[in-house]
Amino acid sequence: MADFYENLDASKLAPIYILASQEPLLLDRAKQAIMDAAVPEDLRGFNVDQIQGKGASADQILTAGQTLPMMAQRRLLIVRGLESMAAAELTKLVPYLEEPNPTTVFLAVCGKVDKRIKFFQKAKKLKVLHELSAPKRVSPWIEAEARRLKVDIERAAVDRLADIIGSDLARLGLALQQLSLYAGERSVTVDDVDDLIADTRERSVFELTTAIADRDQLRALKAVAGLFDQRQSSIGVVMMLGRHMRQLGLCQAGQAENMGKGDLAKHVGVPPFVLDKLSQQSRHYSVRAVAQSLTLLGDADRALKGYDQSTKVLGRGLAERVLVEQLVRKLIGLAS
């Protein structure tokens, strides 16, 4: 990414950029950087054309690409959703890739591209296809974005933000702006992230799974109390605990097969930065303990769905809470 932006000044601009990414924020920023380098703002009314790829013809794009600039060094042609064009129409654009108009910057913005299509194969061969991907570790990106926005944020708050939002860069960027306004002149803290960004249920479940892995019964029972105070479904809580324990089991199985971090993250179904926390927590359980945990969770799920005799004595809400608290104590007991 750094190399890509280093070559985006007016003297180094290439005549063709095919940008492909499933991260809208990365596409928007790259597009804006190319536009800023290609055409002065006061001349864009005459020298920037935008075409929607879906339904567009190759002739329409080629005509716009061959148009001469007006009172400027170059023009900018932006084609949005180029991947939505018919393959036959895209094939007609292949000769333009080989001999582009030097006074036009042809910028195509795509989501996921099909590299079996001749146009994208040729673009890749000519090195004009730029695939922009989210970083594998999102915390350094958050820190860099905070510096760009001049937001002072504590390292613990960065990690918490990564845990809550994950690798959605657009949401992370928006969250940092919100946190900056919320914190004002002081540094953004973990409490700020929890108060402003974290969903209450998500935060409580995160606290519960962490407390169980840390074998902290008091903190775990407080998290259970918080979930019931929010009137969360007891069956939903058990399902989320079950999902967490299954992830620990998958993590153990992948580690036993000596999977690399990237493959292991895919195997478990989580981003790499979440995998670090799961790997650490999985060390607190033996393989047998994880299996026993899943059995306990299955029993709890059936008991909650069965609405057994204890609920008639205690009242359903209280009985469910007692059952979940007993389950949490047993899960903590299995952690070693």
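A: **Surface patches**

Phe46, Met70 and Met71 make a nonpolar surface patch of about 350 Å². This is a predicted model: local features need pLDDT of at least 70, side-chain atom pairs count only at pLDDT 80 or more, and totals for chains, interfaces and linings use all residues. Residues are numbered from 1 along each chain as its sequence is written, and side-chain values use heavy atoms, with hydrogens and water left out.

Patch residues have over 30% relative accessible area and no salt bridge; like charges are joined within 9 Å, nonpolar side chains (Val, Leu, Ile, Met, Phe, Trp, Tyr) within 5 Å. Areas come from the Shrake-Rupley method with a 1.4 Å probe; for residues, only the protein chains shown count as cover. A salt bridge is a side-chain nitrogen of Lys or Arg within 4 Å of a carboxyl oxygen of Asp or Glu.

Met70 sits in the loop between helix H4 (58-66) and strand E3 (75-80). Helices (H or I, at least four residues) and strands (E, at least two) are DSSP runs, numbered from the N terminus. Met70 is partly exposed because its relative accessible area is 42%. Buried means under 20%, exposed over 50%, partly exposed in between (1.4 Å probe, protein chains only).

Asp152, Glu154, Asp191 and Asp195 form a negative patch. Lys and Arg count as positive, Asp and Glu as negative; His and the chain ends are not counted. Each charge is placed at NZ of Lys, CZ of Arg, CG of Asp or CD of Glu. Glu154 lies in the loop between helix H8 (138-149) and helix H9 (155-165). Its relative accessibility is 37%, so Glu154 counts as partly exposed.

Now the cysteines. Cys110 is buried at 2%, and Cys251 is buried at 0%. The whole structure holds 0 disulfides (cysteine sulfur pairs within 2.5 Å).
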